[in-house]
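Below are my notes on what I looked up, in the order I got to it.

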Number of protein chains: 2
Amino acid sequence: MEFAGLLVTASGIVDRAQPLLRADDLGVLRGDGVFERLLIVDGEPDLFDEHLQRLERSAVMTGLRLPPPESWRKAIAIACDEVRGLENMSLRMIVTRGVDESGDEPSWYVLVDQVSPAVLAKRTEGIAAVTLDRGLDPELTERAPWLLMGAKTLSYAVNMAAQRWAREHDADDAIFVAPDGQVLEAPTSAVVIARGRTLLSPPPSVGILPSITLGRLFRAASGAGWETRLEPFVLDDLHTADGVWLVSSIRLASRVHTLDGKALTCVAPHDEIAALSGPFRA
Amino acid sequence: MEFAGLLVTASGIVDRAQPLLRADDLGVLRGDGVFERLLIVDGEPDLFDEHLQRLERSAVMTGLRLPPPESWRKAIAIACDEVRGLENMSLRMIVTRGVDESGDEPSWYVLVDQVSPAVLAKRTEGIAAVTLDRGLDPELTERAPWLLMGAKTLSYAVNMAAQRWAREHDADDAIFVAPDGQVLEAPTSAVVIARGRTLLSPPPSVGILPSITLGRLFRAASGAGWETRLEPFVLDDLHTADGVWLVSSIRLASRVHTLDGKALTCVAPHDEIAALSGPFRA
């Protein structure tokens with residue numbers, strides 16, 4: 001099945017192959033916008049309320065105005081209806097400042113794409129990661145709001161450059177660490193480790209995006225007898241952990257099997273973690 | 001005179017009010033692109049070769065493919081012809097990765113806008129600036145190429161957030177400093193100070209954009225008997241300098257008259273520095 005992708009705006013479904021944005025939209029001129037990406041599960045947006053809430057948080061951090069929730073709900077309902085029955089669909093909510101600096105007329109739309117086979121494969125095959133210095137001290141999160149640490153903006157050039165660097169160095173993805181060695185996040189996912197029956201992930205206060213999939217994993221894991229903690233840890237802890245995963249809305253939980261060229265042993269139950277991260281309840 | 005702005009693509013002049021970019025252009029989804037902005041002076045792009053060279057450097061840093069120089073020259077010639085006789089025109093060269101991850105089909109175009117009266121006014125009135133921590137250690141420039149320090153990408157959300165923060169705190173613009181107190185650059189310009197007959201600006205090796213206008217200022221100043229040096233300096237040096245300026249292709253040289261709420265005395269000849277920065281030779 002080949003799915004060409006879908007575009008929904010306030011006007012409903014429009015031809016995605018046609019231009020939508022002006023050349024001087026501040027979303028493109030300055031990466032001035034925010035976004036969310038999530039799965040469509042059983043015809044519904046997965047964890048929509050959480051994603052909308054995080055989008056609103058990013059908008060506050062960047063001084064952007066969003067369309068009202070009803071506009072998103074309507075566009076997303078149209079999108080979900082259109083792809084009903086198709087497997088592995090993901091949905092992006094995009095908002096840019098538009099052409100007017102004031103932000104009074106934001107551009108916004110919904111894109112639907114099929115999750116790539118490569119990403120799906122990683123859920124079972126796992127990934128090789130390299131650690132890369134993110135350069136920003138976690139204590140700047142509160143003190144330097146202009147650095148937008150923890151906002152999900154369209155200014156993703158560094159995230160993309162980190163992933164390109166990883167691919168050019170025999171890896172699939174990157175894990176950012178702070179100058180002091182604290183583990184932060186991956187360019188498009190959160191990092192989780194297991195130590196016995198405890199799951200750990202760095203707290204958002206270190207300047208990272210609060211992960212919605214991590215939230216679901218931790219809730220489900222708590223119910224299944226795991227202890228879960230948002231707690232700082234360092235690079236060495238990745239090597240000594242019982243398991244390391246990257247989790248995100250699209251990849252769910254992918255196990256890190258190799259870090260900086262060294263194999264990581266995973267004695268933790270990967271299948272259980274994967275199931276607890278996902279939207280699928282048997 | 002009201003100028004509505006101009007858009008030139010490979011097809012020539014097109015209606016700027018019409019959409020040009022697809023909703024899934026990676027320039028908007030990820031701020032994945034590079035740009036330059038320059039003045040049009042006497043019907044010609046000011047310092048075009050230098051801007052093209054810097055665009056190429058940014059493209060290498062971000063793994064982007066550019067259209068050939070002839071394509072730029074042709075589009076820019078059309079743009080300059082169209083606005084011949086109009087004053088204070090600026091031109092932007094924009095390239096995005098396009099919709100194809102490979103970058104084989106980049107989106108690119110030229111925008112012409114009038115320099116805003118506010119920016120023009122700052123050339124004579126000067127500006128109030130606040131210093132903001134940029135968070136990145138200069139030594140990361142070489143060691144962490146994935147941070148894209150010194151690349152001019154479309155991922156400008158932090159630059160814009162810094163300027164918004166400045167405006168919300170009774171200032172016109174920001175000056176970034178490194179965690180160790182070294183002065184770096186402003187979100188859209190370089191920083192220059194005078195000490196006697198010496199002009200100093202931080203070297204690009206601290207992780208900042210090589211400034212084309214600074215290059216012109218230094219060449220012209222050398223010819224006029226100034227000593228010029230690319231050399232690190234710290235926050236305190238701004239307060240004790242004989243003059244502090246922000247220089248960029250559009251603002252040319254704007255004097256910083258207030259820093260972090262304190263008045264800066266300028267005993268250096270501002271008019272001379274402004275003239276040496278500019279394209280206008282009497």
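**Entry 1: a sheet in chain A**

Which residue of S4(A) stands opposite A:Val41? I looked, and A:Glu44 is the one. A reminder to myself before going on: this is a predicted model.

I then checked how the two strands run. Strand S3 of chain A, residues 33-41, pairs with S4(A) in the antiparallel sense, over 2 bridges. Next I traced the whole sheet. It is an open one of 6 strands in chain A, in the order S2-S1-S6-S5-S3-S4, with antiparallel pairing. Strand S2 (12-14) and strand S4 (44-45) stand at the edges with a single partner strand each, so one side of each has no neighbour in the sheet.

**Entry 2: strand S5 in chain B**

I moved over to chain B and picked S5(B). How many of the 8 residues of S5(B) are buried? The count is 8 of 8, so the strand is largely enclosed by the rest of the structure. I sorted the residues by face. One side carries B:Met89, B:Leu91, B:Met93 and B:Val95, the other has B:Ser90, B:Arg92, B:Ile94 and B:Thr96, and both faces are covered.

Then I looked at the partners of S5(B). Strand S3 of chain B, residues 33-41, is joined to S5(B) by 8 bridges, and the two run antiparallel. In that pairing I found B:Ile40 opposite B:Met89. S6(B) is also antiparallel to S5(B), again with 8 bridges. There I noted B:Leu91 opposite B:Val112.

**Entry 3: an arginine in the loop**

I followed the chain out of S5(B). B:Arg97 sits in the loop between strand S5 (89-96) and strand S6 (107-114) of chain B. Is B:Arg97 buried or exposed? Its relative accessible area is 4%, which is under the 20% cut-off, so I wrote down buried.

What does its side chain reach? I found a polar contact of 2.5 Å between the side chains of B:Arg97 and B:Asp32. The B:Arg97 side chain also reaches the backbone oxygen of B:Gly63, at 3.1 Å. I listed what B:Arg97 touches beyond four places in sequence: among them are B:Leu26, B:Thr62, B:Glu105 and, from the other chain, A:Arg164.

**Entry 4: how the two chains relate**

That cross-chain contact made me compare the copies. The same surface serves both copies, as 100% of the contact residues of chain A recur in chain B.

**Entry 5: the cores**

I looked up the nonpolar cores next. The largest has 46 residues, and A:Trp146, A:Leu147 and B:Leu147 have the most contacts inside it. I took a closer look at B:Leu147. Leaving out residues up to four places away in sequence, B:Leu147 touches A:Asp133, A:Arg134, A:Gly135 and A:Val158, as well as B:Leu136 and B:Leu140. Another core, of 26 residues, lies apart from the largest one, and includes A:Ile94, A:Tyr156, B:Phe35 and B:Tyr156.

**Entry 6: helix H7 in chain A**

I turned to H7(A), residues 212-223. The helix has 12 residues and spans 17 Å from first C-alpha to last, close to the expected 16 Å. Its buried residues include A:Ile212, A:Leu214, A:Leu217 and A:Phe218. At its start, a side-chain oxygen of A:Ser211 comes within 3.0 Å of the backbone nitrogen of A:Leu214. Just past the helix, A:Gly225 has a positive phi of about 95 degrees.

**Entry 7: one last loop**

My last stop was B:Ala268, in the loop between strand S14 (262-263) and helix H9 (270-277) of chain B. B:Ala268 is buried, at 10% relative accessible area. Beyond its neighbours within four places in sequence, its contacts are B:Ala194, B:Asp242, B:Gly243 and B:Trp245. I also noted that B:Ala268 and B:Arg197 are 71 residues apart in sequence but 8.3 Å apart in space, C-alpha to C-alpha.

Terms used. Residues are numbered from 1 along each chain as its sequence is written. Chains are lettered from A and ligands numbered from 1 in the order in which they are written. This is a predicted model: local features need pLDDT of at least 70, side-chain atom pairs count only at pLDDT 80 or more; totals for chains, interfaces and linings use all residues. Side-chain values use heavy atoms; hydrogens and water are left out. Helices (H or I, at least four residues) and strands (E, at least two) are DSSP runs, numbered from the N terminus. The expected span of a helix is 1.5 Å times one less than its number of residues. Buried means under 20% relative accessible area, exposed over 50%, partly exposed in between (1.4 Å probe, protein chains only). A polar contact is a pair of N or O atoms within 3.5 Å; within protein, one must be able to donate a hydrogen and the other to accept it, and residues adjacent in sequence count only if both atoms are side-chain atoms. Contact means heavy atoms within 4.5 Å. A nonpolar core is a set of buried Ala, Val, Leu, Ile, Met, Phe, Trp, Tyr and Cys residues joined through side-chain atoms within 4.5 Å. Two strands pair if DSSP finds at least two bridges between them.
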